[in-house]
Amino acid sequence: MAAEPVATRPPLPPFSRETAAQKVRLAEDGWNGRDPNQVARAYSVDSRWRNRSEFINGRAEILAFLSRKWARELDYRLIKELWAFTDDRIAVRFAYEWHDDSGHWYRSYGNENWQFNPAGLMTQRFASINDLPIAESERQYHWPLGRRPDEHPGLSALGL
């Protein structure tokens, strides 16, 4: 079996404030696209995750996780914000809104710690997430599904 070609996902480490913020926005854009195949390509084939209480190992498990997630979390819209960075690590905070198949809305808040290899693929992702039930009238993310428009406020501007 042939080895998978090494892909790069710029921006690459070591990160500056500008390139770390770009990496965060690219991740947000990818997750808002809700395409498990596309999103999974941002992670190394041996990437390790902790997402809430679930431990995920490798791209195949990431793909399965994302497929389950977006089948359950409907009308998903996400905002990520850079919190801190070092050479090959980025910390973000995020909030996303979604509803279940019964129409109950939630805002999920969390923090993630990411580590990248030299090719810019994420090798580790540790996410802590809490769900807050909200009324549909409390939603703050109203853009059409897909990429958050540049003019839409971020987390800090929304007071989140």
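In the predicted model, R148 and E28 form a salt bridge. Their closest N and O atoms lie 2.6 Å apart. R148 belongs to the loop between strand 6 (122-134) and helix 4 (155-158), whereas E28 sits in helix 1, so this pair ties together parts that are 120 residues apart in sequence. Both partners, R148 and E28, are buried.

The side chains of R25 and E28 form a salt bridge, with an N to O distance of 3.9 Å. That value falls within the 4 Å limit for a salt bridge. Here both residues come from helix 1 (residues 17-33). They are 3 residues apart, which means that about one helical turn separates R25 from E28. E28 has a relative accessibility of 0% and therefore counts as buried. R25 has a relative accessibility of 18%. R25 counts as buried too, because the cut-off is under 20%.

A further salt bridge links E73 with K69. The closest N and O atoms of E73 and K69 are 2.6 Å apart. Both E73 and K69 are buried.

The bridges of E28 belong to a network. Salt bridges with shared partners join R25, E28, D29, R147, R148 and D150 into one network. In total, the structure holds 15 salt bridges. Among them are the pairs R148 with E28, R25 with E28, and E73 with K69.

Note on methods: Residues are numbered from 1 along each chain as its sequence is written. This is a predicted model: local features need pLDDT of at least 70, side-chain atom pairs count only at pLDDT 80 or more; totals for chains, interfaces and linings use all residues. Side-chain values use heavy atoms; hydrogens and water are left out. Helices (H or I, at least four residues) and strands (E, at least two) are DSSP runs, numbered from the N terminus. Buried means under 20% relative accessible area, exposed over 50%, partly exposed in between (1.4 Å probe, protein chains only).
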